[in-house]
Amino acid sequence: MNKIKLTSLSRSVVESDHAVITGDGFVNSKVPGWDNCEVNVVINEAMGANFCQLLITLKDTGKLEGKTKDSQIFFYVLEGECDVKVDNQKNKLEKGSYIYLPIGKEYLFSNAKEGTKLLTFHKVYEPLEGYSVPDVMINNASNINQNIYCEDPNLLMQNLLPDQDNLSFDMAVNIFTYNPGANLPFVETHIMEHGLIYLEGQGIYRLADKWYPIKKGDSIWMAPYCPQWFGALGTEPAVYIYYKNINRFPT
Ligand code: UGY
Ligand code: MN
C-alpha cells in the first residue's frame with residue numbers, strides 16, 4: 001500500500017467574488033491583547049471583503065482583552081464556554097451564546113474551557129442620522145424563534161440581531177437551517193455581502209457559476225452580487241450562521 005498523502009490538495013478556493021475556506025490551510029495570526037489562543041482570519045479586506053470573520057480557539061488560560069474601535073464585533077460560541085466582562089458586568093457564555101459589541105466598547109473574555117471556539121464578525125459601523133448606536137446585546141440562539149423562509153417549511157431562519165426592524169443596526173447575523181433535501185428556491189443575486197460557517201450537515205453551494213461540496217466547519221465568503229444557491233444533502237439538517245450588511249444602501 002502506498003501511504004503517501006498528497007499534501008498539495010485542498011478544497012479551499014479563493015476567487016475575486018467568493019471563497020470557500022475549509023480550515024486545512026489555516027496559519028494562525030497574533031492579535032495584540034488576545035493571549036493564549038489561536039486566531040485564524042478566515043475572511044477580511046485583504047480577500048476583497050468589506051468585513052472580517054475570525055475563528056478563535058481558546059486555551060483554559062486564554063484571554064481576549066480590548067476595546068472595539070470603528071468596527072462593531074459579534075461573537076458567537078461554537079463550542080465550549082467562557083466568561084465575558086463588559087460594562088463592568090460578567091456574563092457566562094456557553095455553546096450557542098452570542099454577544100454583540102457596538103463601537104467603542106471595552107471587553108474581556110476569560111475563564112474559558114480548554115478548546116472553546118468562538119466565531120466573530122467585524123464590520124465598520126456606518127452611523128445613520130436620527131438613530132443611536134446599538135446597545136450591547138447578549139443572548140443564546142436557542143431563545144430565538146425559527147421562522148419559515150420563502151414559504152418553505154423545510155427552510156428555517158433565526159435572526160440573532162434585530163435586523164431590518166431596527167435601522168440602528170447595519171449588520172444582521174442569522175442562522176439558516178435546511179432540512180434534509182431542502183434548497184434555496186432561487187439563485188439569489190443581491191447587493192448584500194455574506195460570510196458564513198457551517199454548524200451542521202452538508203450539501204452543495206453554487207457560487208457564481210461554480211458548484212462546491214460543503215460540510216460542517218467550512219466557511220464561505222460571497223461578495224455583493226455573487227450569485228448564490230444551496231441544496232442540503234444527506235440525512236441531517238444543514239445549518240449555517242451568516243453575516244449580512246443591511247439598512248444602508250443605496251447611498
Ligand atoms: O439572507 C440571505 O440573503 C440568505 N438567504 N442568503 C444565503 O443564504 N446565501
Ligand atoms: Mn443571500
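Which strand does strand E5 (residues 71-79) pair with, and over how many bridges? Strand E5 and E8 pair in the antiparallel sense over four bridges; two strands count as paired if DSSP finds at least two bridges between them.

Colleagues, a word first on the model and its conventions. This is a predicted model, in which local features need pLDDT of at least 70 and side-chain atom pairs count only at pLDDT 80 or more, while totals for chains, interfaces and linings use all residues. Residues are numbered from 1 along each chain as its sequence is written, and chains are lettered from A and ligands numbered from 1 in the order in which they are written.

Let me begin with the overall picture. The protein has zero helices and 20 strands; helices (H or I, at least four residues) and strands (E, at least two) are DSSP runs, numbered from the N terminus. Its radius of gyration is 18 Å, close to the 18 Å that the globule rule gives for 251 residues, so the protein is as compact as a globular protein of that length. That radius is taken over C-alpha atoms, and the rule is 2.2 Å times the number of residues to the power 0.38. Along the principal axes, the C-alpha atoms fill a box of roughly 55 × 50 × 35 Å. Of the contacts with a separation of 6 or more, 69% are between residues 24 or more positions apart; a contact requires C-beta atoms, placed from the backbone, within 7 Å.

I now return to strand E8 (residues 97-101). Five of its five residues are buried, so E8 is largely enclosed by the rest of the structure. Buried here means that 20 or more other C-beta atoms, placed from the backbone, lie within 10 Å of the residue's own; 12 or fewer is exposed, and in between is partly exposed. Across the protein, buried residues make up 32% of the 251. In a regular strand the side chains alternate between the two faces of the sheet. In E8, Ser97, Ile99 and Leu101 lie on one side, Tyr98 and Tyr100 on the other, and all are buried. Isoleucine 99 is the bridge partner of phenylalanine 75. E8 also pairs with strand E11 (residues 137-140), antiparallel and over four bridges, where tyrosine 98 stands opposite asparagine 139.

Strand E4 (residues 52-67) is joined to strand E3 (residues 34-43) by eight antiparallel bridges, with cysteine 37 opposite leucine 58. E4 pairs with strand E10 (residues 116-124) over seven bridges, and cysteine 52 stands opposite histidine 122 there.

Two open sheets deserve mention. One has eight strands in the order E1-E2-E18-E15-E20-E14-E13-E12, with antiparallel pairing; its edge strands are E1 (13-14) and E12 (147-149), each pairing on one side only. The other has three strands, E17-E16-E19, also antiparallel. Strands E17 (210-215) and E19 (228-233) stand at its edges with a single partner each, so one side of each is left without a neighbour in the sheet.

Finally, the ligand. Around ligand 1 are Phe176, Glu188, Met192, His194, Gln228 and Lys244, each with its C-beta atom, placed from the backbone, within 6 Å of the ligand. This shell divides into two nonpolar, two polar and two charged residues. Here Ala, Val, Leu, Ile, Met, Phe, Trp, Tyr, Cys and Pro count as nonpolar, Asp, Glu, Lys and Arg as charged, and the others, Gly among them, as polar.

Notes:
Contact = placed C-beta atoms within 7 Å.
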